[in-house]
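Let's walk through this one together, starting with the overall layout and ending at the ligand. Keep the viewer open as you read.

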Amino acid sequence: MDVEHREVIVVGAGPAGTSCAQRLAEENIDVLILERRAIVGNPAQCGECIPNWGEVVGTFHGIDDHEWLKRSFEFPDRIQLHRLDHMRVFLPSGKSYNFDLDAFAGHRLQFDGYLAEKAVEAGAEIRMSEPVTNVKRRTKTDSLLIVTEKGRYTCDLLIDASGSLAHVARCLHGKDKDYRPADQVPTAYAQVRGNVPETFDVFLGSVAPKGYAWIIPKGPDTANVGLGVRAGALKGSVKEHLQQFCEDLGFEILSIGGGWIPMGGPIKTMVDKNVIAVGDAAGLVMPSNGGGISQAMISGCFAAEAYIDFKRDGTPLTAYQERIASCFGRALKNSLRSKNMGYLMFQNDLITEVLLRILGPIGGIKRAMECDKPLWVL
Ligand SMILES: Cc1cc2nc3c(=O)[nH]c(=O)nc-3n(C[C@H](O)[C@H](O)[C@H](O)COP(=O)(O)OP(=O)(O)OC[C@H]3O[C@@H](n4cnc5c(N)ncnc54)[C@H](O)[C@@H]3O)c2cc1C
């Protein structure tokens, strides 16, 4: 079989992969995305809460003046289904704490498709239904061979944008923890119809042990409902638990799915010679709230810019990881601390209720959701 050479190969057409490809293609760099799915963004595997630029710059450091990123977060009206400007966090008793949000609900099918279209318009190529099955590095030359179900490729730079299970890292490093995201949290989510709330609602306690359940309204009578729990914390299947949750709320389930959220924080080695991990593959999800779309887009852009700088003046690719640490480091660290405290504290409904009644009024829940420093380590 012939081996095709491309300058940059991106594995995965999620927000991280397509943002990276768009940024590279705009600099006239040859870039090919290999995507295992037949349709970009389908299935959603997401709660579909997408943050606006205001939320993003309020959480992360040093990107306020980044014009390219700012423009990337200007989404057309057609993909903004429902404004989410309020979040309610419910304790086991039903008492809630409320705070503001700057986000919207969308369909990942439309959202990811929109980002992919922009990458293609910029000049990137996407090959769908082409899963990468193996990646090998020749030790003498450090060159990479990428094997898919349809062909074989070499490239100068490989971007691992394959999501939570970090497929490229798995091929190159097996289970080595330095290269792969940890604490994979099992989730189930459903598209539902019924009498849904106006706000993004989060439920803590035995409904989702050491995790949370959510209702994210997408329109007047539709919502994305889901739950994520610490692996092993729930007896029985996560999907069945979600079905029961929906039934209790009187929601009709239109479709149901599952996925993994890497909640262990950033991986130790994001730049492995000429391989860069972005998005979920780099462990950039916020452990305390499960959000990862904005970090995926930003890290995709940073990886592209690291390669552009490397080509222009030889700046080492490792500058990427330093930029990630500077931008996301503080928020990710705070978020990880909050999640770890949650794992320790939320033993049962009574303890969860008592602790949250203490922390709620002084802003502890809000800080965890917004990835601020937890009050107890101030
Ligand atoms: C249930 C759930 C709810 C969530 N809710 C939210 C939310 O409301 N808001 C939020 O901001 N974040 C949420 N997240 C997290 C968010 O979905 C991710 O952080 C985000 O999608 C990461 O983008 P990515 O591009 O890194 O990876 P992904 O979006 O996972 O994209 C990876 C792509 O790589 C492809 N791929 C994988 N392996 C291969 C292979 N071997 N060959 C070729 N292609 C491959 C996949 O098919 C996929 O298209 C949620 C996650 C889950 C699981």
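What follows goes from domains to sheets, then to a helix pair and the ligand shell.

A word on the ground rules. You are looking at a predicted model, where local features need pLDDT of at least 70, side-chain atom pairs count only at pLDDT 80 or more, and totals for chains, interfaces and linings use all residues. Residues are numbered from 1 along each chain as its sequence is written.

Let's begin with the domains, whose bounds come from an automatic or database domain assignment. The chain splits into domain 1 (3-82 + 106-182 + 263-335) and domain 2 (85-101 + 184-262 + 339-377). Their C-alpha centres sit 27 Å apart. Where they touch, domain 1 puts in 27 residues and domain 2 puts in 26 residues, with contact taken as C-beta atoms, placed from the backbone, lying within 7 Å. On the domain 1 side, helix 2 (53-59) and helix 8 (319-345) each bring at least two residues, and helix 8 has the largest share, 3 residues.

Now for the strands. In general, strands of a sheet pair through backbone hydrogen bonds, either parallel or antiparallel. Two strands count as paired if DSSP finds at least two bridges between them. Take a look at strand 4 (residues 82-90) and strand 11 (residues 200-203): they run parallel and are joined by 4 bridges, and Val 89 has Val 202 in strand 11 as its bridge partner.

Elsewhere you'll find strand 7 (residues 132-137) and strand 8 (residues 144-148), an antiparallel pair with 5 bridges. Val 132 stands opposite Thr 148 there. Their hairpin has 6 residues between the strands, and Asp 142 takes a positive phi near 65°. Strand 8 is also joined to strand 9 (residues 152-160), again antiparallel, by 2 bridges. That hairpin goes through 3 residues, and Val 147 faces Arg 152 in strand 9.

Next, the helix pair. The axes of helix 1 and helix 7 come within 7 Å and cross at roughly 35°; axes are lines fitted to C-alpha atoms, for helices over the stretch in contact, and angles run from 0 to 180 degrees between N-to-C directions. Among the residues that meet are Pro 15, Ala 16 and Cys 20 in helix 1, and Ala 296, Met 297 and Tyr 307 in helix 7.

So where does the ligand sit? Domain 1 and domain 2 both give residues to the shell around the ligand, so it lies between them. The shell has 36 residues, of which Gly 12, Gly 14, Gly 163, Gly 279 and Gly 292 come nearest; a residue is near if its C-beta atom, placed from the backbone, lies within 6 Å. Helix 1 (15-25), strand 10 (184-193), strand 14 (252-262) and helix 7 (293-313) each supply at least two shell residues. Helix 1 gives the largest share, 3 residues.

Conventions: Two residues are in contact if their C-beta atoms, placed from the backbone, lie within 7 Å.
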